Amino acid sequence: MRLGLARQLKHPIAQAVAHAGWEPVYLPLVVTIPVGAPPPDSLATCDAVLVLSPSGAQLAGPLLPLDKLVLCQGEGTMASLAPFALQSEISSNRRAEGLWDLLRQRFPMGGKFVLVRGERSRGYLEAMAQGSSWRIEPWITHREEAADPLPSVEGLDAVLALSPLQAEILAPLSKELLRFAWGPRTGDAFMLARRPAHGTCDPSTEALTQVLRNY
């Protein structure tokens with residue numbers, strides 16, 4: 001069974017697909033567009049940096065001070081930071097909720113933090129921190145758009161959407177293919193497009209492997 005996803009074959013998510021007994025196929029669905037925003041002035045004095053995605057990690061990584069702790073959401077984000085020799089930690093729950101928990105565990109008294117994110121981030125961390133001792137300043141590094149032209153899904157048995165945008169793109173392309181969603185928001189995006197996912201997993205490689213093994 002061949003499953004298309006927008007991650008290179010060495011990426012932890014692609015490896016999880018292979019571990020479940022599927023053949024991962026790289027499917028470049030989106031392009032990352034840097035928005036060119038400079039780092040906020042608070043980057044030099046903040047207590048830590050929060051990074052939500054591999055795209056944000058790749059763009060912000062070269063500009064992050066080596067002495068800053070970086071808290072990551074997901075294995076792919078941490079892997080994208082590896083070339084920059086930064087001290088990084090990952091949340092046990094690979095969602096923004098887990099990153100919020102990790103932030104409060106590491107800095108129980110609060111502090112100042114810079115959040116690296118894309119334009120379509122759901123704003124969970126900023127909302128949770130509002131009025132609290134954890135002051136979060138967003139640094140929007142990029143936006144994502146559908147690739148033009150889109151890749152072919154011919155020869156695939158299934159597709160995996162890793163974000164709501166990817167679900168919006170894959171819904172009309174997938175037709176009779178199996179559709180899998182990384183996280184409930186992505187599953188909701190498939191539903192809104194009237195192409196429900198056949199399986200939705202929590203955003204972790206372990207959960208993805210388990211869902212795929214059921215097919």
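Contact, on this tour, means heavy atoms within 4.5 Å. Helices (H or I, at least four residues) and strands (E, at least two) are DSSP runs, numbered from the N terminus. You are looking at a predicted model, in which local features need pLDDT of at least 70, side-chain atom pairs count only at pLDDT 80 or more, and totals for chains, interfaces and linings use all residues. Residues are numbered from 1 along each chain as its sequence is written, and side-chain values use heavy atoms, with hydrogens and water left out.

**Stop 1: the sheet**

Select the five strands of the open sheet, which run in the order E2-E1-E9-E10-E11 with parallel pairing. Two strands pair if DSSP finds at least two bridges between them. At the edges sit E2 (23–26) and E11 (199–201), each pairing on one side only. From one strand to the next, the twist averages 25°; angles run from 0 to 180 degrees between N-to-C directions, along lines fitted to C-alpha atoms, for helices over the stretch in contact.

Now pick E1 (residues 2–5), which is joined to E2 by four bridges in the parallel sense. What stands opposite Val25 in E2? Gly4 does.

**Stop 2: helices on the sheet**

Show H6 (residues 164–174) next, lying across E9 (158–161) and E10 (178–182) at about 165° to E9.

**Stop 3**

Buried means under 20% relative accessible area, exposed over 50%, and partly exposed in between (1.4 Å probe, protein chains only). In H8, the buried residues include Ala207, Leu208 and Leu212. What do the buried residues of H8 pack against? They meet E1, H1, H3 (75–81), E9, E10 and E11.

Leu208 and Leu212 are also among the members with the most partners in the largest nonpolar core, of 19 residues. Such a core is a set of buried Ala, Val, Leu, Ile, Met, Phe, Trp, Tyr and Cys residues joined through side-chain atoms within 4.5 Å. E1, H1 (12–19), E9, E10 and H8 (205–213) each supply at least two of its residues.

**Stop 4: a charged pair**

Finally, select Asp101 and Arg104, whose side chains meet in a salt bridge at 2.6 Å, N to O. The term means a side-chain nitrogen of Lys or Arg within 4 Å of a carboxyl oxygen of Asp or Glu. Because they are three residues apart in H4 (residues 96–106), about one helical turn separates Asp101 and Arg104. Arg104 is partly exposed, at 33% relative accessibility.
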